[in-house]
Amino acid sequence: MPRDMHYYEPANGHGLRHDPFNAIVAPRPIGWISSMSAAGHLNLAPFSFFNAFNYVPPIVGFATVGPKDTLANVRETKEFCWNLATRPLAEAMNATSASVAREVDEFALSGLTPQPSSVVTVPHVAEAPVVFECRMSQIVQLKTAAGADVPTWVTFGEVVAVHIERSLISEGVYQTAAAQPIMRAGGRGDYFELRPEGYFEMIRPR
């Protein structure tokens, strides 16, 4: 028997109380990005659209919907850091999502510590258990299927240095759930925490 499906075409509206798109493509890793302007102003902000896109070299990317301060900073310095958002850091991470003037330092606003990085000049979150130092590789403005520009830019960066808290490594293997990463799940403030009991293994067929 066919499933009872809610169908809609996004251009005509979704017909629901909340747009389900973000909740369907979920949970999503959080792009908690630290950046710095050419003038030296620090910025720290979480982005809902973030992921890894390549193994060698490792490349990550995050999307800025609108001309955000982070985008301007990366354009100026060609560097940024990704900081792992975890359950213990959730409240501080949320504080960095406040809409403030470009010269406001979200590290100070959230009570977090800017830690000098090893390769890039942009500092990272000292309290984060995992950090990627990144050099910008390209910035791509999105387009519709018809070719019209969308006011969203995807910033890609090559990971040039990685910091991992040693307690998260067991017998040479990084323990994903042990870091208590949190992820976006749609809605105004919906998140999930990754826990060990959700783990299962499937070997890829040959």
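**A loop, a sheet and their surroundings**

Tutor: Gln180 sits in the loop between strand S12 (173-174) and S13. Helices and strands here are DSSP runs, numbered from the N terminus (helices are H or I with at least four residues, strands are E with at least two). The model is predicted: local features need pLDDT of at least 70 and side-chain atom pairs pLDDT 80 or more, while totals for chains, interfaces and linings use all residues. Residues are numbered from 1 along each chain as its sequence is written, and side-chain values use heavy atoms, leaving out hydrogens and water.

Gln180 is not a glycine, yet its phi is positive, near 55°. With a relative accessible area of 31%, Gln180 is partly exposed (buried means under 20%, exposed over 50%, and partly exposed lies in between, with a 1.4 Å probe and protein chains only). Lys78 is another non-glycine residue with a positive phi, of about 65°. Lys78 belongs to the loop between helix H2 (69-77) and strand S6 (79-83), and its relative accessible area of 42% makes Lys78 partly exposed.

Back to S13, and to the sheet it belongs to. The sheet is open, has three strands in the order S1-S13-S14, and is paired antiparallel. S1 and strand S14 (191-193) are the edge strands, each with a single partner strand, so one side of each has no neighbour in the sheet. Two strands count as paired if DSSP finds at least two bridges between them. S1 and strand S13 (residues 182-184) run antiparallel and are joined by two bridges. Arg28 has Arg184 in S13 as its bridge partner. In general, the strands of a sheet pair through backbone hydrogen bonds, either parallel or antiparallel.

Now follow the chain back from S1. Pro27 is in the loop between H1 and S1, and a cis peptide bond, with omega about -5°, joins Ala26 and Pro27. Val56 and Pro57 are also linked by a cis peptide bond, with omega near -5°. Pro57 lies in the loop between strand S4 (50-54) and strand S5 (59-65).

Val25 is found between helix H1 (21-24) and strand S1 (28-29), in the loop. At a relative accessible area of 42%, Val25 is partly exposed. Together with Phe21, Ile24, Phe49 and Val65, Val25 makes a nonpolar surface patch of about 460 Å². Patch residues have over 30% relative accessible area and no salt bridge; like charges are joined within 9 Å, and nonpolar side chains (Val, Leu, Ile, Met, Phe, Trp, Tyr) within 5 Å. The areas come from the Shrake-Rupley method with a 1.4 Å probe, and for residues only the protein chains shown count as cover.

The next topic is charged pairs. The whole structure holds two salt bridges (a side-chain nitrogen of Lys or Arg within 4 Å of a carboxyl oxygen of Asp or Glu). One joins Arg195 to Glu193, at 3.8 Å from N to O. Arg195 is partly exposed at 48% relative accessible area, and Glu193 is partly exposed at 23%. The other joins Lys143 to Asp149, with the closest N and O atoms 2.5 Å apart. Lys143 is exposed at 53%, whereas Asp149 is partly exposed at 48%.

The largest nonpolar core has 19 residues, of which Trp32, Leu112 and Val125 touch the most other members. Strand S2 (31-36), strand S3 (42-47) and helix H3 (90-95) each give two or more residues to this core. H3 supplies the largest share, three residues. A second, separate core of 16 residues includes Phe62, Leu84, Val130 and Met136. A nonpolar core here is a set of buried Ala, Val, Leu, Ile, Met, Phe, Trp, Tyr and Cys residues joined through side-chain atoms within 4.5 Å.

Last, the cysteines. How many disulfides are there? The count is zero, a disulfide being a pair of cysteine sulfur atoms within 2.5 Å. For Cys81, the closest cysteine sulfur is in Cys134, 6.7 Å away, which is too far for a bond. Cys81 is buried at 0% relative accessibility, and Cys134 is buried at 0% too.
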